[in-house]
Amino acid sequence: MTEATTSMRTTSLRLGAFAVPVACAIAIGVFGPLMGNYVSDFVVKVMILSIFALSLELLVGMTGLVSLGHAAFYGIGAYVTVLASGSEGGNLALLLPAAMGVAALYALFVGALSLRTRGVYFIMVTLAFAQMAFFVFHDTKVGGGSDGIYMYVRPAIGKLDMENRMVLFYVVLASLVFTYGLLALVRRSRFGAALAGIRVNEQRMRAAGFPVYGYKLAAFVLAGALAGLAGFLLASRDGVVNPELMAWHNSGEVLLMVILGGLGHLRGAVIGAVAFTLLKEIFSTHAVMGPLADHWQLTLGIAIIVFVALLPKGLIGLVKRLSPKEAA
Amino acid sequence: MDFGTFLVQCLNSVQYGLLLFLVASGLTLIFGIMGVINLAHGSFYMIGAYMAFALAPLFGDQFLLMLGAGVVLAAVFGYLLEWAFFSYLYQRDHLQQVLMTYGLILVFEELRSILVGNDVHGVKVPAWLDGSFALGNVMSYPWYRLFASAACIVLAAGLYWVVNRTRLGMMIRAGASNRDMVRGLGIDVKRLYRIVFAAGVALAALAGMIAAPMSSVYPNMGASVLIICFVLVVIGGIGSITGALLASLLVGFVDTFGKVFFADLAGIGIYLLMAIVLIWKPEGLMGRRP
């Protein structure tokens with residue numbers, strides 16, 4: 001194959017890589033108003049989780065940093081939104097940056113310390129720091145203790161009132177498109193290339209003169225800010241937060257979404273979030289699972305084990321294995 | 001705080017630290033030797049505690065006999081678990097180990113909820129360990145806690161002896177530093193791993209059984225102890241049993257005195273300790289620089 005055809009092929013692949021997500025976003029946008037309450041609520045939930053998963057994909061898939069404490073930033077974003085909104089409701093234009101900013105600050109603190117370690121240590125340290133955030137909100141009265149707190153009026157700015165179901169829907173959709181687009185740009189940038197280099201061979205990148213620590217910290221803080229965005233949206237949707245948001249089960253679940261979809265692809269994080277949420281919904285529905293629905297953790301746990309055993313490359317890997325054309 | 005209370009809190013710190021060490025040493029064995037990051041280790045502690053809850057009525061005052069029976073059960077359970085799941089995890093990367101053991105936690109937690117429900121249970125202290133030891137008017141201290149500390153010290157010493165002075169320990173240490181070499185020497189590594197894993201599970205379950213009469217038996221106890229163990233490993237340094245012991249005692253003191261002085265914020269004391277150690281020595285107190 002000549003070089004020209006190779007490059008043509010990659011361009012068409014890249015176009016495909018963009019066309020599908022854009023088509024999906026447009027389809028969701030167009031069909032949004034037609035959805036019933038249950039469906040649109042479910043779609044909003046999945047979109048928020050997709051943003052959360054995408055923010056972790058930046059760390060795990062793009063940089064090779066396995067964080068098991070990502071829920072802390074999600075929870076902090078949500079808590080800041082509720083705590084700062086006051087009894088008359090807050091200004092969306094202030095609350096959103098505040099949620100992302102505080103999450104990013106905590107990510108700066110956690111990242112600065114935990115990135116001094118690597119591998120398994122890093123997994124444990126991120127988990128431990130997330131647990132620390134959990135205990136701060138669980139044990140003190142700051143955020144209503146273990147019961148959490150309610151937000152009485154949702155964030156708004158002018159006509160853009162999150163109390164309105166459709167406004168919420170489109171704000172979440174826009175946030176997802178923003179996150180996906182931003183991370184797609186990051187991937188193609190010099191910064192993204194450096195992160196990929198760090199993932200493949202950190203030693204070599206350091207030898208080549210890259211400030212590896214700084215790059216990793218920047219990725220960590222950006223991932224924290226985006227998780228904070230997801231947290232902001234979640235608080236705006238639910239109108240209530242509790243410490244469970246930061247519990248390590250949540251960190252485990254989002255890590256699972258990223259891997260379920262397929263590491264190293266932005267699509268993977270979104271597909272994983274959709275698949276995982278559907279799976280959980282199905283496992284806990286009495287109509288489908290019968291009495292087992294009460295024990296959805298059991299079925300979910302078994303599904304996870306089977307999934308890891310059989311599909312180490314995620315759903316995207318499965319698709320590739322089934323279509324020999326792309327694998328070749 | 002008067003001197004007596006201070007003394008009691010010191011004893012509590014040591015006792016708690018030693019108990020944590022028992023759990024963490026099992027985790028260190030499994031991680032240090034087999035390289036598997038095992039999130040389900042806390043579940044073994046929980047299983048031990050529930051085992052004490054289930055077995056105590058059967059054994060009555062034969063507490064030591066109960067511990068023995070529990071350890072045997074836990075070791076068999078660990079042996080089977082290694083055979084069924086963990087033996088497949090060695091060649092996988094950390095990410096997949098994290099996920100699969102996370103799946104196992106969900107399964108264990110739900111099985112627990114199906115079998116014994118979600119209530120908090122108490123386990124009675126055996127009659128011969130009931131009551132307190134009094135030191136004049138200065139202080140009095142429950143016999144059971146003294147027993148727990150003594151048991152942990154005996155076990156820790158035994159563990160040290162096995163790892164450093166026996167042939168099995170030699171193989172374990174060799175296996176930790178160079179797996180292929182040990183295999184090359186004709187040692188059945190598969191069996192060695194299975195034994196080490198069973199021992200790690202038994203240690204965690206034993207800690208759970210010993211803790212049960214002191215801390216009651218409740219859902220989620222596995223997760224909380226697991227995360228403290230991670231903190232311990234980070235503070236002590238991976239693979240170092242001495243480091244794990246030192247870290248356990250430190251964490252025991254920080255946690256116990258934290259609860260006395262800062263009731264509300266006690267939960268984060270050990271994480272602050274971890275942050276300080278990370279700033280000062282990222283590889284842990286006794287860890288080797290990677």
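**A cysteine, and what lies beyond it**

Tutor: Let us start with Cys24(A), which counts as partly exposed because its relative accessibility is 43%, a value that falls between the 20% below which a residue is called buried and the 50% above which it is called exposed. Please keep in mind throughout that this is a predicted model.

A disulfide is a covalent bond between the sulfur atoms of two cysteines. A search of the whole structure, over all chains, finds 0 disulfides. Cys229(B) shows the reasoning in detail: the closest cysteine sulfur belongs to Cys152(B) and is 12 Å away, so the two are too far apart for a bond, given that a disulfide needs sulfur atoms within 2.5 Å. Cys229(B) has a relative accessible area of 1%, and is therefore buried.

The helix α9(B) covers residues 221–236 of chain B, and from its first C-alpha to its last it reaches 22 Å, close to the 22 Å expected for its 16 residues at 1.5 Å a residue. This helix is mostly covered, with 15 of its 16 residues buried, and the residue that follows it, Gly237(B), has a positive phi near 105°.

Helix α3(A), residues 71–85, has 15 residues and spans 21 Å between its first and last C-alpha atoms, close to the expected 21 Å. Because 13 of its 15 residues are buried, α3(A) is largely enclosed by the rest of the structure. Here too a glycine comes next, for α3(A) is followed by Gly86(A), whose phi is positive and near 70°.

If we leave aside neighbours within four places in sequence, Ser40(A) is in contact with Met35(A), Arg165(A) and Phe169(A). Asp161(A), in strand β3(A), counts as partly exposed because its relative accessibility is 29%. Again leaving aside neighbours within four places, Asp161(A) touches Arg154(A), Pro155(A), Ala156(A) and Val167(A).

Asp161(A) and Ser284(A) are 123 residues apart along the chain, and 32 Å lies between their C-alpha atoms. Val136(A), which lies in helix α5(A), residues 120–139, is 107 residues from Pro243(A) in sequence and 8.9 Å from it, C-alpha to C-alpha. With a relative accessible area of 24%, Val136(A) is partly exposed.

Finally, consider how one helix meets another. Two packed helices are described by the angle between their axes and the distance between the axes. In chain B, the axes of α1(B), residues 3–34, and α6(B), residues 167–177, come within 7 Å and cross at roughly 55°, which means that α1(B) is oblique to α6(B). Leu29(B), Gly32(B) and Ile33(B) of α1(B) meet Ile172(B), Gly175(B) and Ala176(B) of α6(B), and by class this contact has 4 nonpolar residues, 2 polar residues and no charged ones. An α-helix has 3.6 residues a turn, so residues three or four places apart point the same way.

Definitions and conventions: Residues numbered from 1 in each chain as written. Chains lettered and ligands numbered in written order. Predicted model: local features only at pLDDT ≥ 70, side-chain atom pairs only at ≥ 80, totals over all residues. Heavy atoms only, no water. Axes fitted to C-alpha atoms, helices over the stretch in contact; angles between N-to-C directions. Helix = DSSP H or I, 4+ residues; strand = E, 2+ residues; numbered from the N terminus. Parallel < 35°, antiparallel > 145°, perpendicular 65-115°, else oblique. Contact = heavy atoms within 4.5 Å. Nonpolar A, V, L, I, M, F, W, Y, C, P; charged D, E, K, R; others polar. Buried < 20%, exposed > 50% of the residue type's maximum accessible area, 1.4 Å probe, protein only. Expected span 1.5 Å × (residues − 1).
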